[in-house]
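Me: I have a structure open and would like to learn how to read its features. Please take them one at a time.

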Amino acid sequence: MKQLQLLMGMPITVEVVDPTVTETDIEKVFAYFRTVDATFSTYKEDSEVSKINRGELRKEEYSDDMKTILALSEQTREETLGYFDIQHDGIIDPSGIVKGWAILQAEHMLKEAGFRNFYIDAGGDIQVAGEKDGNLWRIGIRNPFNRKENVKILAITDKGIATSGTAIRGQHIYDPHYPHMPLQDIVSLTVIGPNVYEADRFATAAFAMGKRGIYFIEHLPGFEGYMIDAAAQATFTTGFERYVLQQ
Amino acid sequence: MKKLIVSIVIIGSFVIYSFIHAHSGPVAVVANTPATSRSSSSTATSTPPPPGATATSGSGYNDGSYTGSVADAQWGFVQVKAVISHGKITDVQFLQFPNDRSRSVYINSIADPQLTSEAIQAQSANVDIVTGATDSSQAFIQSLTDALSQAHV
């Protein structure tokens, strides 16, 4: 059973393959994402994040989830050499860590309910578990220059995968100082990690590092990455190919 | 005696060679550094910070801690934190991954591995799911990039 809802400003898809699944089981997952959104949305005036940013809450009044997210954000900031930071102009926007974390909590919910074969996809960041029809989950890496195409097909299970990227740019941009040199800007960085929370936070931070980001991922044990630059050239980590679908 | 002369000639040639190449371009200078880094991976943490990171030397700074940009050293990436008190640099610390397993890999890597590149190519196989950047993560990156640019002023 597969369902999609637009929540937190993005499409969220849940597919559970186990035959015992009911609509209620999947609705519970969406309900959970709605509560997360109600707490952490910077677009909702009555969210806890908005209250904090307006100075209406003292630290002692923060919810447990908020304390967790703030602690995880700080830990991530340290682990990524400051490249991940939810503070900006004195306000916080933890959405960069909330998404991966929420997907991971949803995965725990489904596992606790006894499901083994499923995926949860929130805006292109995905947690997969088990398999579908006897195969590993097949995940395409979207072509950043053409949303209808995939440029890599992966076959993975019990892992998280996340992609960070910029707005799609024209392919005719060049550096006026070096008009004949191909642009080396990074447009897309996909990270495979032990779970979607880990993959998402490190994809976000590594993307902000520019060309060095893929080396940051290379140095992280248990993570692989696939980076696409503005010249449509991809660079990938040494262990990445074992996740590529063998056809 | 013969050995001594030979040694002097070799060392002399090397000095002249280094001198010539030091002026021909930065590439030759950089090319000498892996050998010294390779001699002992444990000395990595005491390697002086790269030029970019030491650009904060001088006086008249606001007190506080400042994190430098990540600099590409031959054996990996380096980043330092400068601590300023009373307008002067009082400490320069190496920032490390708090994760020990990461750190050991990080320090032990003599040089960045040569990663494989390829031109991207459309694939035709069917997929269950697609990963790609979402608009919300784009906004986050923009915000993050902006915050970073402010931190570097």
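Reply: A residue is buried if 20 or more other C-beta atoms lie within 10 Å of its own, exposed if 12 or fewer, and partly exposed in between, with C-beta atoms placed from the backbone. Helices (H or I, at least four residues) and strands (E, at least two) are DSSP runs, numbered from the N terminus. This is a predicted model, in which local features need pLDDT of at least 70, side-chain atom pairs count only at pLDDT 80 or more, and totals for chains, interfaces and linings use all residues. Residues are numbered from 1 along each chain as its sequence is written, while chains are lettered from A and ligands numbered from 1 in the order in which they are written.

Me: Which residues of α3(A) are buried?

Reply: An α-helix has 3.6 residues a turn, so residues three or four places apart point the same way. In α3(A) the buried residues are A:Met66, A:Ile69, A:Ser73 and A:Thr76. They cover an arc of only 90° around the axis, which puts them on the same side of α3(A); the arc is that of the directions from the helix axis to the C-beta atoms. On the face turned away from that buried side are the exposed residues A:Asp64, A:Lys67 and A:Ala71.

Me: What do the buried residues of α3(A) pack against?

Reply: Contact here means that the C-beta atoms of two residues, placed from the backbone, lie within 7 Å. The buried residues of α3(A) pack against α1 (23-40), α2 (48-53), α4 (95-112) and α5 (196-208) of chain A.

Me: How many residues does α3(A) have, and what is its reach?

Reply: The expected span of a helix is 1.5 Å times one less than its number of residues. Helix α3(A), residues 64-79, has 16 residues and reaches 22 Å from its first C-alpha to its last, close to the 22 Å expected. For α5(A), 13 residues should span 18 Å, and its end C-alpha atoms are 18 Å apart, which agrees. In α5(A), 13 of the 13 residues are buried, so this helix is largely enclosed by the rest of the structure.

Me: Where should I look for positive phi values?

Reply: Just after α3(A), A:Leu81 has a phi of about 55°, a positive value in a residue other than glycine. A:Leu81 lies in the loop between α3 and β3 (87-88) of chain A and is buried, with 21 other C-beta atoms within 10 Å. Phi of A:Asp158, also not a glycine, is near 50°. A:Asp158 sits in the loop between β8 and β9 (159-165) of chain A and is partly exposed, with 15 other C-beta atoms within 10 Å. After α5(A) comes A:Gly210, whose phi is positive, near 70°.

Me: In what order do the three strands of the open sheet run?

Reply: Strands of a sheet pair through backbone hydrogen bonds, either parallel or antiparallel. Two strands count as paired if DSSP finds at least two bridges between them. The order is β8(A)-β7(A)-β7(B), with mixed pairing. At the edges stand β8 (146-156) of chain A and β7 (129-131) of chain B, each with a single partner strand, so one side of each is left without a neighbour in the sheet. From one strand to the next the twist averages 35°, where axes are lines fitted to C-alpha atoms, for helices over the stretch in contact, and angles run from 0 to 180 degrees between N-to-C directions. Strand β7(A), residues 137-143, pairs with β8(A) in the antiparallel sense over seven bridges, and A:Ile139 stands opposite A:Leu154 in β8(A).

Me: Is A:Val151 buried or exposed?

Reply: A:Val151, found in strand β8 of chain A, counts as buried, with 23 C-beta neighbours inside 10 Å. Leaving aside neighbours within four places in sequence, A:Val151 is in contact with A:Ile141, A:Asn143, B:Ile120, B:Gln121, B:Ala122 and B:Gln123.

Me: What are the mean pLDDT and the buried share of chain A?

Reply: pLDDT is the predictor's confidence in each residue, from 0 to 100. For chain A the mean is 90, and 93% of its residues reach 70 or more. Over residues 167-175 of chain A the pLDDT is below 50, and beyond near neighbours in sequence this stretch has 12 contacts in the model. Of the 247 residues of chain A, 46% count as buried; in chain B, buried residues make up 15% of 153.
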